Every structure is written in C-alpha cells, then in structure tokens.
Amino acid sequence: MPSVVKINVLTVPAEQREVLEKRFGARAGSVESSDGFEWFELLRPVEGTDQYLVYTRWRDEESFQAWMEGPMKAAHQGGGAEGGERPKPAASGSTLWSFEVVQQAGPKEQG
C-alpha cells in the first residue's frame with residue numbers, strides 16, 4: 001500500500017513568519033513518535049507566495065487520522081504557556097492537500 005502525503009498550506013503574513021517557525025521548532029518531536037509517521041518538513045516560501053508548506057508523509061491514511069485525533073488535537077487545544085489565552089495563530093489561512101505516493105526515488109549509491 002502506498003504511503004500518503006499530507007501538505008498543509010499555511011498563509012502566513014510576513015510579520016508572523018518568525019513566530020510560525022519558532023512554534024514549529026518548539027513542537028519538534030511531537031509527531032516523530034507517532035505510529036505510521038514517516039517524514040516531516042516545514043518549507044519556507046522564497047518568492048512569489050506567502051504560503052508555507054508543512055509536508056508530512058505517513059504509512060497510511062489511518063496513521064494520519066490517529067495522529068490528528070490524538071496528539072495533534074491535544075497540542076492545539078493546550079492553553080498558553082503562562083496559563084493565559086492561547087496564542088493567536090501565526091497563519092491567517094490553512095488548506096490541507098492529500099496525496100498518495102505513486103513513485104519515489106532517492107540518490108543512487110556511489111561506487
């Protein structure tokens with residue numbers, strides 16, 4: 001069965017970019033231990049767009065859904081660090097794209 005890829009497209013105003021990247025840095029490790037998780041990348045736009053891409057690859061759709069319903073939900077429902085309000089989202093918009101991996105390749109072994 002092919003892996004599934006989820007790309008969360010986040011529209012991030014320029015003044016919120018640093019905030020978004022810091023938040024992702026602070027959460028590092030929270031997805032890596034999830035069953036079925038295969039890969040994560042946060043992609044910063046270079047030119048022509050204000051949209052970040054959050055790329056995750058999963059063994060199957062079930063693994064992604066289990067993470068969404070468990071650890072991801074819990075992380076996004078947590079209060080602010082000082083027990084105050086939750087911080088305002090850094091992104092002004094979010095769209096989730098779903099793909100199946102049909103072909104993949106890595107670098108050829110040298111020698």
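Two strands count as paired if DSSP finds at least two bridges between them; strands (E, at least two residues) and helices (H or I, at least four) are DSSP runs numbered from the N terminus. The model shown is predicted, so local features need pLDDT of at least 70 and side-chain atom pairs count only at pLDDT 80 or more, while totals for chains, interfaces and linings use all residues. Residues are numbered from 1 along each chain as its sequence is written, and side-chain values use heavy atoms, with hydrogens and water left out.

**View 1. The four-stranded sheet has the order E2-E3-E1-E4.** The sheet is open, and its strands pair in the antiparallel sense. E2 and strand E4 (93-100) are the edge strands; each has a single partner strand, so one side of each lacks a neighbour in the sheet. On average, neighbouring strands are turned by 15 degrees against each other, direction ignored (axes are lines fitted to C-alpha atoms, for helices over the stretch in contact; angles between N-to-C directions run from 0 to 180 degrees).

**View 2. Strand E3 is paired with E1 and with E2.** Strand E1 (residues 4-11) runs antiparallel to E3, and eight bridges join the two. In this pairing Thr11 stands opposite Gln51 of E3. E2 and E3 are also antiparallel, with six bridges between them. Phe37 stands opposite Trp58 in E3.

**View 3. The side chains of E3 alternate between two faces.** In a regular strand, side chains alternate between the two faces of the sheet. Tyr52, Val54, Thr56 and Trp58 point to one face of E3 and are buried (buried means under 20% relative accessible area, exposed over 50%, partly exposed in between, with a 1.4 Å probe and protein chains only).

**View 4. An aromatic cluster links Phe37, Trp58, Phe64 and Trp67.** Five aromatic pairs are found in the whole structure (rings of Phe, Tyr and Trp, the last taken as its six-membered ring, pair if their centres lie within 6.5 Å; planes under 30 degrees apart are stacked, over 60 edge-to-face, and the rest tilted). The pair of Trp58 and Trp67 is tilted, at 5.4 Å centre to centre with 35 degrees between the planes. Both of these residues, Trp58 and Trp67, are buried. Phe64 and Trp67 form another tilted pair, with 6.2 Å between centres and 45 degrees between planes. These two residues, Phe64 and Trp67, lie in helix H2, three residues apart, about one turn of the helix. Phe64 is buried, as is Trp67.

**View 5. Asp35, Arg59 and Asp60 belong to one salt-bridge network.** Side chains of opposite charge can pair when their charged atoms come close. The closest N and O atoms of the salt bridge between Arg59 and Asp35 are 2.8 Å apart (a salt bridge is a side-chain nitrogen of Lys or Arg within 4 Å of a carboxyl oxygen of Asp or Glu). This pair links distant parts of the chain, 24 residues apart: Arg59 is in the loop between strand E3 (51-58) and helix H2 (61-77), and Asp35 is in the loop between H1 and strand E2 (37-43). Arg59 is partly exposed, at 37% relative accessible area, and Asp35 is exposed, at 57%. Arg59 also forms a salt bridge with Asp60 (3.6 Å, N to O). Asp60 has a relative accessibility of 12% and counts as buried. Shared partners join the three residues Asp35, Arg59 and Asp60 into a network.

**View 6. Ser63 in helix H2 makes a side-chain polar contact with Asp60.** The contact between the two side chains is 2.6 Å (a polar contact is a pair of N or O atoms within 3.5 Å; within protein, one must be able to donate a hydrogen and the other to accept it, and residues adjacent in sequence count only if both atoms are side-chain atoms). Ser63 is buried, with a relative accessible area of 4%. Leaving aside residues up to four places away in sequence, Ser63 touches Asp35, Gly36 and Trp58 (contact means heavy atoms within 4.5 Å).

View 7. A search of the whole structure finds six salt bridges. Glu18 and Lys22 are both exposed.
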